[in-house]
Amino acid sequence: MKKISVVAAVIRHNDLYLCVRRGPAKYDYIANKWEFPGGKVEPEETKEDAIKREIQEELKMEIMINSFLMTVSHVYPDFHLTMDTFLCDTSSKDLTLTEHQDFLWLPKDKLSQMDWAAADKPIVSKLESL
C-alpha cells in the first residue's frame with residue numbers, strides 16, 4: 001500500500017480555528033471533506049518550513065508555528081497517511097483560496113459538526129480536549 005507523509009496546520013485566530021473544504025478528489029472518501037490545510041514535505045525541507053510554504057501556496061496566508069500538536073496515522077482504502085500537525089496562529093483571518101472550495105473560522109466546540117476527512121477527526125478530538 002502506498003504511504004504518504006504530510007504536515008498540517010491547525011490555524012487559530014482569536015479562539016477560532018480555520019477549516020478548509022476539499023474540492024472533488026481522485027478518491028470519493030476524501031472529496032468535499034473538511035480538513036486542516038497542509039501538504040507534502042519537499043526534499044531538504046523541514047516540516048515547519050513545509051507548513052509555512054503550503055499555507056502560503058494554498059491560502060496566501062502568513063502563520064506563526066507555536067507547537068507540535070500530534071501525529072495522525074490513518075489507513076484509507078488506497079493509501080496509508082501519516083500527518084504531523086502543528087498548532088499555529090495568524091494575525092489576520094484574510095486568506096485567498098487557491099486549492100480548496102470553501103473555508104470557515106469556527107470555535108472549537110463547533111468543529112465536530114463538520115464533515116471531516118477521516119484522518120482529521122483525531123485532530124478535532126484533540127482540540128476539543130484542550
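**Close-up views of a predicted model**

**View A. Strand 1 contributes the most residues, four, to the lining of the largest pocket.** The model is predicted. This pocket has a volume of about 720 Å³. Its lining counts 28 residues, with Val6, Arg22, Ile30, Glu35 and Gly39 nearest the centre. At least two lining residues come from each of strand 1 (2-13), strand 4 (38-40), helix 1 (47-59) and strand 6 (79-89). By class, the lining holds 15 nonpolar, nine charged and four polar residues.

**View B. Ile123 and Leu127 touch the most other members of the largest nonpolar core, which has 26 residues.** Strand 1, strand 2 (16-21), strand 5 (64-75), strand 6 and helix 2 (121-129) each supply at least two residues of this core. Leaving aside residues up to four places away in sequence, Ile123 touches Val10, Phe36, Leu69, Met70, Val72, Met83 and Thr85. Another core, of 15 residues, lies apart from the largest one; among its members are Val20, Ile55, Leu95 and Trp105.

**View C. Strand 1 and strand 2 form a hairpin with two residues between them.** The two strands run antiparallel and are joined by two bridges. His13 stands opposite Leu16 of strand 2. In the turn, Asn14 has a positive phi of about 50°.

**View D. Strand 2 also pairs with strand 7 (residues 102-106), antiparallel, over five bridges.** Here Val20 stands opposite Phe103 of strand 7. Val20 is also listed in the core of 15 residues.

**View E. Strand 2 and strand 3 (residues 34-35) run antiparallel, joined by two bridges.** Arg21 has Trp34 of strand 3 as its bridge partner.

Definitions and conventions: Residues numbered from 1 in each chain as written. Predicted model: local features only at pLDDT ≥ 70, side-chain atom pairs only at ≥ 80, totals over all residues. Heavy atoms only, no water. 1 Å grid on protein atoms, 1.4 Å probe; cavity = no way out; pocket = protein on both sides within 12 Å on 5 of 7 lines; lining within 4 Å. Points joined across faces, edges and corners; volume = space filled by probe spheres on them. Nonpolar A, V, L, I, M, F, W, Y, C, P; charged D, E, K, R; others polar. Core = buried A, V, L, I, M, F, W, Y, C linked by side-chain atoms within 4.5 Å. Buried < 20%, exposed > 50% of the residue type's maximum accessible area, 1.4 Å probe, protein only. Contact = heavy atoms within 4.5 Å. Pairing = 2+ DSSP bridges.
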